Structure formats: C-alpha cells, structure tokens
Amino acid sequence: MTGAAAFLRRLLRNRLAAAGLILLVLVVLLAAAAPLLPLADPDATAPVRRLAPPFSEGAWLGTDTLGRDILSRLIWGTRLSLAVGISASLLAALLGSVVGLVAGYAGGRTDALLMRGIDTLMAFPYLLLALAIVAALGPGLLNALYAVVAVNIPFFARNVRGAAAGLRNREFVDAARLSGMGGLRILLSEVLPNVMPVIVITLSTTIGWMILETAGLSFLGLGSQPPQADLGSMLGEGRRALINAPHVTAVPGVMVFLIVMSMNLVGDGVRDAIDPRLRSGLPARPSAATRVARATASVPGAAVPAGAAPGEPASGALLAVSDLRTAFEGPSGPVDAVKGVSFHVMPGECLGIIGESGSGKSVTALSIARLVASPPGVVRGGTVRFNGADLLALPAGPLQRLRGGRIAYVFQDPLTTLHPLMRVGAQVTEAIRAHAPVPAAEAGRRTIELFAAVKLPDPASMAQAFPHELSGGQRQRVSIAMALANDPDLIIADEPTTALDVTVQAEILDLLDALRRSRRLAMIFISHDFGVIARICDRVAVMHRGEIVETGEARQILARPRHPYTRRLIAAVPVLGRAREILRASERAEELP
Amino acid sequence: MAAYALGRILALVPVLFGLSLIVFLIMALIPGDPALAILGPYATPENVARINRDLGLDRSLPVQYLSWLGNVLSGDLGRSYSLNRPVLDEVAERFSATLILAGTALLLASVLGLLAGIVSAVRQFGLADKLVTLAVLVGISLPSFWLGLLLILLFAVRWRLLPASGMYAIYGGGDLADLLRHLVLPAVTLAIVAAGVIARLTRSAMLEVLRQDFVRTARAKGLGEGRVILGHALRAAMVGVIPVIGIQAGFVLGGAVYIETVFQWPGIGRMLVDAIAKRDVLLVQGGVLVVATCYVLFNLAADLLQRLLDPRIAP
Amino acid sequence: MPEIRAALGAILLAAGLAVAAPAAAQVPDDVLVVGQIAEPASLDPAVSTATNDFRILINLYEGLVRYRPGTLEVEPALAESWTLSEDGLTYEFRLRQGVRFHDGTPLDAAAVKFNFERMLDKDHPAAATGPFPLAFFFSSVDRVEAVDPRTVRFTLKERFAPFLSNLAYPTGLLVSPAAVTKRGKEFGRNPVGTGPFRFAEWQGGQQVTVERNPDYWGDPAKLQAVVFRPVADANTRAAEMLSGGIDVMVEVPPDTLSQFRDGDGFRIHEQAGPHLWFLILNTREGPLKDRRVRQAVNYAIDKRAIAENILQGTAIPAKGPMAPAFQWAFDPTLEGYPHDPDRARALLKEAGAEGARLTFYVAEGGSGMLDPLAMGTAIQADLATVGLDVRIETYEWNTFLAHVNPGLEGKADMAEMAWMTNDPDTLPYLTLRTEAQPQNGGFNSGYYSNPELDHILERGRRSSDRAERAELYRQAQRIIVEDAPWAFVAHWKQNAVTTAAVQGFALQPSFFLLLDDVTKK
C-alpha cells in the first residue's frame, strides 16, 4: 500500500505526468458519466440537418453525415474506444512481452523458434486475419479487438526481445543466475523491471494507433455495428465528408489525440517512476559540466579569500582546492555532499583521499573537473585552482581541453566506464586525437605504446578487443593507458582497484605507482581502504560526512591517527598482519626516492 | 555472423511454407468466392460453378495447394484471375513501387526520428524537447488518411507545388525528378508515424545511456559534447533503437495501405487488399510471399546491424 | 550540435530541391485525362464485368448494335441493319462494309462468329482466354453462322426479347479474332477493337492510355488521346480535379459535389440510369412474411431524406422496382410508398408486429451500393421510429454476397442490394420469380413467389412487340409494388464533373462514357 502511495507520489511529482493523468482521468470520467449527462440521443438521425457546423443550436459540436449529434456520439464513442483500445493494448502488451521476454532471455533455439513465429504473424496479411475472425465469430467491435491484438503482438515481442537480449549477459543477470535463482524468477525480478520502460513506451505509443485501427477494420464489418459510435468509426464515417465538413473527423481526431497525449505523458511518468535508478528526484540527463552556482553570501565561510585557505601553501601547488561545496538538488532543496573541503596537491605528489562510501570523497574528486552529474549536482562554493586558474569559472572550451589533457581520470569499474561497444584501442586513440591533431595511424601507434607501457600483453591485438573480452585487470590497465594518453600533470584515480580482486589490485597499484614516479605525475588517489592508500600515497586526507577531518603525511597518520574516525578506518583494515604489511609498504615508499 | 545470417535465411523457408499454408486455408475457409467478385449480383450457382471450373477451384483443397506449391517451386506463381495477368508480373511491378515508397519513408523516419529523439533527449525538459514531444504525439495520433489529404489539399490544390497522387506524371515524366516530386507527400505521410515511434524510443534510450558511466568517461577524456552525444551515447542507444526500426520497416512495408490508397501509389499493400477482397488466392499468396520475405530480410538486417554494433550479443 | 543542424539543413535542402524541380510537361490540349474509380480488371469485353471497365471498353470497341446516345434504345452500329424472323428465333445482321480492327483484321461475319463462339463454346480454340462471366447474356443463342462475309445469322433456342439490348451491352462488343489468337490470355491487357480509339499503353496501377484511331470508319475522334487514371480514394479524386490533375471525374461522392457546385471552372453532369437500390425482405419467415409488415417497412423509410440529404441529390426516391430510365416500360402513374410513419404504425398494429426485432444485413461497399452504411443506418433509425427494433450486421462486399445470394432464411430479415441492368426484363426475371429462388439457382434471396408475376415475366421476355412488353412490365410493377417483396429506396443519378474546358461531354443512361465527340479547349 505504501509502495503504491510512494509510486503515485513519484508520478505526480512529474508535472507533465500529473497533467497527463488529470487529462486522462477527466476523459475517463466524462466517458463513464455518459449515461448521466444531459446528452442528445447519439443514434437519433436527422438527415435534414446533417453536417451542421460546430456551435450550431442544439449541437455544440455540430452533426455528422446522418445529422446525429457529434458531442453525444463523441462521449459515447470515447467510452467504447477507451475500453477497446485499453484492453487491446494491455492484451497485446501482455502476450507480446511474454514472447519477447522468453525469446530474449532464453536465446538460442527458443529465441529462433519464437521469433520465426512472430515473423509469420507479422508478415501475415492483417486483413485476411480480420476476415477469418469475421468468418469465425461474426462482425462486431469486440471481435476487432482480437485482430488488433494479434497484429500488435509482434511490436511488443520484438521491442521487448531486443531489450531483453541486451540484458541476458549483463552482470546482474549473471549474478542472479549464479546465486541459484530460477529462470522465471530472474525474468520477473531482474529482466522485467529493466525492460519495463520499453513496454511502457510501446504501450503508450500504440494505444492511439489501436483506436485508429478499429476504424481501419470497420470496412470489413469489424467495427462497432451501426448505430453504435466509437471513435474509429466516427473517423471513418466522417472521411467521406472530409473536404466539405472537416469537423466531423476533426472532433474524434482531437479526442484521439488527447487520449494518446495523456497516455504518453502518463506513460513517461510511469516509466520514470518505476525506474529504480531514478527514484531520487527528477530524471534528467547530465549536462557537459557540473553547474556552478557560487553564492558567496549564503554559504558561511566562503568569504575566505580564494587560494589562501589557512595552512595551505598559496603558491607552488599544482592543484589547490579551497572550501569546495558540492550539493545535490533534491525534492526538498539542495543537500550538501561536500561541505567546504580544502586541500592541495604539489607537482609529482600523490594525495590520498580516504573515507567510507558516502563520505563525499568521490564527489570531491569529480568536482575538480566538474564531472559531477548535473542535474542534480551543483557546486555551491569554493575554488578549484589548477596551475593558478579557477576551474570552476572556466568556460566549456578550455575546461574540455583540460579534461583528459592536463587532468586525467581513472574510474572505479572499467566495465561500465569504458564504452561497451567500442574497441578499447579506439577509445584510447580517440582520447589522444581529442587533444592533439595527430593522424589516426600515429595515434594508433601511440595507443599501442601506451598499452605496452601499462604492461598489457600483446598490445597490438589487445587494441582490437572489446571491453567485455578483457579481464577486469586488463580493462583497468586500458583505463590507465587512456588517462596517460596525453601526458597529464594530474591523474585523479577514483577507487581504481575496488572492483578488482586482491592480486590484480596489487598489480594495478604497483603499476600506477611506478608510472607516477617515472612520469613525475601528481595523483589524487581515492579509496576507502587505508592499506591501499598507504601503499602509494605521500599524504592523506581523511574525509567524513563531506568534510576533511584530518590531513597529513601518510605514515604519520597511520602511525598516530588523531581523529577518532581515522582510528576507526585503520581498525577496519580486516586481515591479521595487514597493518604490518601496510607499514612495510610505507617504509618501502620512503626508501625509493 | 555469416553463418547466422545464412541460418536465418534458411529459416525463411519454413516460415514461408507455413505462411502460405495458413493463407491458403483461410482463403479457402472464409465466406466469399472469386466468382462472387467477378459476377457480383450475377453470381448464380450455375455461373459460379462454371467460373470455379475455369479457374480450377473445383478441385479438392490439397490438390489445389499442392499444384500451386509445385508451380511455385518451379518458379511459376500462377495467374491472377482478378487482374488477368501472371502473379509474378503484377507482384514485381507493385513491389518495386512499394520498395521505393517504403525505403524512402523508412529512411526519412529513421533520420527524423533519430534527430528528434536526440534533440529532445539532449534538451530534456527544454523547449525543444516539449516541441518535439508534441509533434511526435500529434504524428502518432493522426489518422494517416487525414494527414495525407491535408497535405494534398495544401501542396497540390492550394499551392500547386506537388502532384496530388500517382507515381509519375502522365506526360513528360518518368525521370528521377518526377518520381521525387510524386514521392514527397506519400513518403512524408508514411514516415510520420514511424518517425514518432522511433523518436520516442530514441529519446528514452538516449536518456538511459546519457546517465551511464562511460559517458562520464568520454567527458573526462575531454571529448566535445557533440562527440559525446553522437559518438558515444547514440552509438550505445542505437542498439536498442535498431530493432525498432526493423519493426517499423515491416509496418511501413505491409501496412501502408491507406497511404497507397490516398496517394494512388501502385504499391503491394493496396494490391493485397484488393486481392483479398476479390478472393484472388494466387495473387494473395504471391504478395504475401514477397512481403514476408522482405519483412524477414529487413529484420535480419536490423538484427545483423545490432550485432555489428553490439559485440556482446553472441552470434 | 552542429552535426544535427547540418543534417536538418540537408533534409530541408533535399525537400526544397524536390519541390522546386521543374514541373513535368503539361498535358496537351487534345489529351483528356479521366479520373476513374479503380484500375480496370481487364480490357477484354467478354471478360469484364465492371462499369468502371466499361467506360474504357466502349471507346475501344463496338458491337453489332449500340444504345442511341441519351437513351437505352438500340440502334445500328457495326451492323447496318438486321431482320428478325417471324418465329422470333432468327436474327440476321448485315455488317457495315470496310470496317477493320485496329490490327488490320477485317470485321466480317467470321469475326462475329468467332466472338460469340469464344464465349459460348467450351471447346472453342480461344475458350481458354476466359472465363466469360456474363456469357449467359447470350445463353439463348443456339448457333451463329457466317452466311456470307457481310451477313451473320444468330439462331436462338427460344424467343428472347432482351437479345438486342444484350448485344448492345459491353459483353456484346467485338474483339479482333487475330489479336485474341495471337495474345491468348494477355489479350485483356492488349485490347484490339474497331472503336474510335485504339489502345496505346497500360501502366499498372497508374494509367491506361488510348489514342485516336486514324482509320476509324465513322467520324474520327476529336481528341488525340484519352488517359484513364485510377484514383481509388474519392477525396483524392476530388483533390486531383481541384488541382488540375484530371479533366473528368466520374462518380463524385455526394458530399464532395458541393466543392464543384460552388466553384466556377467546373461543370457538373448528371444522368439517371437503370439502377435500383432496395432492401430484399425475407418473405419466407419472421415478421416480414406478412405483407402488411413489408408495406409498413416501405412506408416507414423516408426515401426523400435518403436521396436528397444523405445522397445529396445524387439519387431519386424509388417508387417501385423499375427505373424511370426504362422510359418505355416505366409506369409513371405508380404512387409507390410515400413516407408515412403513421400508416406504417397502423399496418404494424394490424399485423401484430409492433416492436418486432429484425436482423438487417448491411454491406460496407460494393458495386452500385452508393453509401450502404449511412443508408442502412438511416433506415434503421426510420424503422425505429415506427417501433421496429432493427439490428444491423455489416459485412465486407464479398462476404456480404456470400451471405445474401444463397438466401436469407435462418439468417436475416432484410438485406441491402443494388442492381444496374440494361433491359426491364433482367432484374425482375432474375430476382423475383418463383423459379429464381436460391434453391433453383437464382437471386430471389427473399423467396418471393407470385405465379401471376412469373407468368407475366415469361411472356414479357418472349414477346417481340415492344408495346405489348411495355404493358406487361407495367402490370408487373403494380403487382410487385402491391406485394412489396422489397423495400424500394432509390435510383442512382450517375454524375461526373468536368473542367469548363471540356466540351461535348455527356453521361449516358447506360452508365457508359462516350468520348469520341469530346474536345478540350
């Protein structure tokens, strides 16, 4: 019950969907109230006053080719058409989706068999089907429903199958399968919710078509039998007077349009409301750069002169972040995720930012090159100075040149952060050519060099692979190669090893560390794992609930954490003897230079 | 992939066989008779029997079907009694007209639908999005006979810019420019509905994709917004949109009856309707076989394209 | 997004180019373009059955006789004269001299013999060019003989008064034997006749072109060519007319007619023909078994409203079973059934059929059916006002015929029907005789039976004296109206619109379209 209420609340939050719902409810109420309204007899003919224009006396919307009151026929007709259109759509959606889901999910022979059946149905002449139905069941509107349903099954089946086939080998489906879930449960609990948007859209786009379709069938006798009105037959009957009395078709036409529009608006709303990823707030596509709305007065502490935060070196830093505030806009106003964070990175230095999930560390990292999804993200205050220039004030062009040029990112899960449909080599080549006007061949050669540098085996053939063909570690090496493509000054690595297993994790860390040292890169390394941070970072900033609670030399903090939260983080390093290993690692780090 | 395509094409054989059998049975079982179509009110049982004998319709159903099947296998689709000419000639003529119309409409629908979908996804909730959404909804809720006539009245009657109907001018036509002039209105009318469906699915797929991590990666690489949207997001979104285009191909191919009627386009959809009304079973069979083959090939092309785009789908 | 803008620009540019492309050459002044309702099925007159095809055929071919323009009276055509033997069984035709088919084949008695034997003799070498659905028009012919090259003799099995009228019907048009032999089954798409126009070209679904026959025996056609364009959609046909794409438009839908009435630059042509739109009433069972109920139905239907409002004056109300176009046989004194709901109610009360339920078969279209759905609905409403509860079942034309032709028993009480005929004999003889009931292979789907009428109709078809026939048919009309086996509703007034430039155009009661005298200014 509360689930339904929450769903409705989400739906109504979308103003367009709410408008659509209101319109739809109005239409439905109007249709439902037809017997109660003071309408003229919808079937009473009066040939003498046929084709009266709208606003005629006694006929607000005029009369049709037999002199019947269009308003009355419209309302009674809407009643019938809604019932037929909706039930036909739902039935077609149900049957088509079942076929599509099973075919898409099962794949192989089942898929081939089902889809050949759908091919047969689709290629089957619709009229013949309709005639067969008339022969078997007789004429009538209700029987038209079967024909319309049969014809629309392929639309749903093929659309749904396409979506379901794409999901078949997705990781969450694999996971569900490994966890021993049955096929039916996976279909219903994992696949169905993900293809629901496709079903909803197809449903909302076909419903109007179904209403129109009953008009198309009426010349076979598959339509409402005279004198009963439905929107389709009204359109069809008005057709012969289309040139001299367009209102006869326009009136039902507008009604069909209103129904289609309201269904579509509601459909969009429903799709967004059921999409689990969109539950927080309005769905919106992220823009190119995080919106910056620095309101100096409203944010306490923002009055501190930029770049001169206490305890920070004013000059010489490659990157200086001061008093950064990043928020997410929610239904009840913006919620700060980063609350006035300041730190700096010297050239060639590695800064670790550590904190548990939700501490704001990733948002901080993404805020630097303004990659926080926006909406809902917004930078509300502070400065990010890179080589002295405030990135938050940079126009789109220079910012774009900086991204992947001077500042490069390595993200957490390379399976989702690499483009799944592009060869990995091409993705790196593209990064190179985005910043330097080199010929494709030259960029390709450099890609292979980079692959060699990140120690990918057989770099030339590796470049031809797609992300899903590589192991997790290999994919992350590709990401690192991509980050290195334009010899950046700063690499921001956002939990680059979290998605990898332990041995691979170590290899990647070693690689990053070695590359950083050999190429004299500065790095911001973000992790929730003290062990990882201590292994490669010079300094550490500990983040907790959007703020930096402690910052200092990595070894020092590890040895003598001052903030209780830091102590908790260190204690959370789980494995016995791990602390010793961490210590050793930091000693080694000290010996190296 | 070649093996897969070959397999699909081979699968066409049972599909066509099954289709022809069902079509044949339904044509035999529904009320009505070729003789009724020929004779109209003059259809006395005596006349009907004579015509059925002349047409070979007095033989038993299995014999009729098998003799038809035998002829088809030797490349003879039979003779249409309602048009008094070989089915193959008629189907070939009509089909090329349909292909021109449907191909153009599909191209137009894909380009318009994709553009509209992309624009409205990129400008989500903006003015452009609202305008596109409105246009799309109008497009999918307009009866095509209405839109078609409206276009004729505006472009042919009022402004005299384009011909009202037909495929070629009566005199001095026949060249490509003439064909294009005749093609504009029916192709646009036919494309509108398909474009609407494609646009809506493109918008939804784009919105889905634009929220994904790899789009952020593309931005982090320093790619321009155009390249992020067209090069990365659209490419991923197309995987879901292409099968829809394939289905629209089927719709545009076989379902264009109204448009072919309104614009008097000599296409196969209208031919099939007439053939069914006249119970011209051989012509129906010929038309269905061609439409089905073409439909299956269109969808195969869509599936292959999808596989080409998405290497994750196992061949 | 510059890419998107560029693509949009390209589309607009392409659209602009298509629109701006030079318009195709204008249709010359001596070429007439006729907007037809459909593509012809065949241009072989022995094969064809549709009025739509006849409009082309009648310009390509001629028969031995023809209808005198403006009437349904028979006059000489390829036969200069003819004689009928005393016993009424032998017709001898004297052929016009020096007439040749378009392919040069001379029109002689052998050619005439070939034509009729092709249709009537199963073993004729050209019999495979059929089927010939209307061959039964000549089923009374026993044999055809070529007496000499210019004389052909028809011997009938029995006296058959409509014989000459049937010869003037398109089924009696003469084809070139040489062309039929050469083309075989393809003759229907490569027609060769003797008419004022000869066949030029047939583009499937697009146009049939005929051109002036320079060697025509009579006055040559004034037009250089006529193009028949099928434009199936009535609205599109009107739009083509308005945009100048066609010069002549036939079968203008009632509601579209007003477009042309208002505008100048167009001319409207109307011509009533031998057509009847009626309801077959089931006289065997149900409420309509009672003659009073059938009469009540006739009184209840507002025929004037149907003809003048729903059909916008494209039809006239029917008073009986015969069209006024059969001037010599029509009975102008007939009162018929004026619209009188009170009378209908009284009759229903008398018959105890108040509130009876009736099943009514309505067609969705069909040849000569005018606007069957609207007319059916209006009739339903008219019958409702006198207390009859009518339930409509609609069917597509072919299914409709399959349901109606075998008889209405056990299925329906009423069914719509329409006929176009060429002789007063045809309709009642085929549809109202006891012998014509469905079980005997006729079209009397309502099972009407009246021995007196049977007798009159038999006499009418055997008599060769027209005055006698006229009197018989007047008697028949009175009987049929009184018994009301049908509800008589309307006679169609065929119409056409031409541009003002078209001169010498006239519609014929035969529904043909004679174009040899037409010019375009």
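In chain A, helix H3 (residues 70–106) packs against H6(A) with the axes 6 Å apart and at an angle of about 35°. The structure is a predicted model, in which local features need pLDDT of at least 70, side-chain atom pairs count only at pLDDT 80 or more, and totals for chains, interfaces and linings use all residues. Residues are numbered from 1 along each chain as its sequence is written, and chains are lettered from A and ligands numbered from 1 in the order in which they are written. Helices (H or I, at least four residues) and strands (E, at least two) are DSSP runs, numbered from the N terminus. Axes are lines fitted to C-alpha atoms, for helices over the stretch in contact, and angles run from 0 to 180 degrees between N-to-C directions.

The contact of H3(A) with H6(A) is made up of 24 nonpolar, seven polar and two charged residues. Here Ala, Val, Leu, Ile, Met, Phe, Trp, Tyr, Cys and Pro count as nonpolar, Asp, Glu, Lys and Arg as charged, and the others, Gly among them, as polar.

Chain A is divided into domain 1 (17–34 + 62–166 + 199–274) and domain 2 (291–590), with bounds that come from an automatic or database domain assignment. The C-alpha centres of domain 1 and domain 2 of chain A are 53 Å apart. A cis peptide bond, with omega of about 5°, links A:Pro226 to A:Pro227. A:Pro227 belongs to the loop between H8 and helix H9 (231–238) of chain A. Most residues other than glycine have a negative phi, and most peptide bonds are trans.

Contacts between chains were counted for residues whose C-beta atoms, placed from the backbone, lie within 7 Å. By this criterion, 65 residues of chain A are in contact with 66 residues of chain B. Among the helices of chain A that each supply at least two residues to this side are helix H4 (108–123), helix H8 (183–217) and helix H10 (247–274). H6(A) provides the largest share of the side of chain A that touches chain B, eight residues. That side has 39 nonpolar, 18 polar and eight charged residues. The contact between chain A and chain C takes 22 residues from chain A and 28 residues from chain C. On the side of chain A that touches chain C, 14 residues are nonpolar, five polar and three charged.

Chain B contains 13 helices and two strands, and its C-alpha trace spans about 80 × 55 × 35 Å along its principal axes. Of its 315 residues, 64% count as buried. A residue is buried if 20 or more other C-beta atoms lie within 10 Å of its own, exposed if 12 or fewer, and partly exposed in between, with C-beta atoms placed from the backbone. Among contacts in chain B with a separation of 6 or more, 72% come from residues 24 or more positions apart.

Two residues of chain B other than glycine have a positive phi. Phi of B:Arg160 is near 50°, and this residue is placed in the loop between helix H7 (144–158) and helix H8 (176–210) of chain B. B:Arg160 is partly exposed, with 13 other C-beta atoms within 10 Å. Phi of B:Gln264 is also near 50°. B:Gln264 is in the loop between helix H11 (257–262) and helix H12 (268–277) of chain B and counts as buried, with 26 C-beta neighbours inside 10 Å.

In chain C, four strands form an open antiparallel sheet in the order S4-S5-S7-S6. Strand S4 (79–84) and strand S6 (141–148) of chain C are at the edges, each with a single partner strand, so one side of each has no neighbour in the sheet. Neighbouring strands of this sheet are turned by 20° against each other on average, direction ignored. Two strands pair if DSSP finds at least two bridges between them; strand S5 (residues 90–95) and strand S7 (residues 151–156) of chain C are joined by five bridges and run antiparallel. C:Tyr91 stands opposite C:Phe154 in S7(C). Helix H3 (residues 109–120) of chain C packs on the sheet, where it touches S5, S6 and S7 of chain C, and its direction makes about 165° with that of S6(C).

Strand S8 (residues 197–203) and strand S9 (residues 207–212) of chain C pair in the antiparallel sense over six bridges. C:Phe199 has C:Val210 in S9(C) as its bridge partner. S8(C) and S9(C) form a hairpin with three residues between them, and C:Gly205 in the turn has a positive phi of about 70°.

Note on methods: Two residues are in contact if their C-beta atoms, placed from the backbone, lie within 7 Å.
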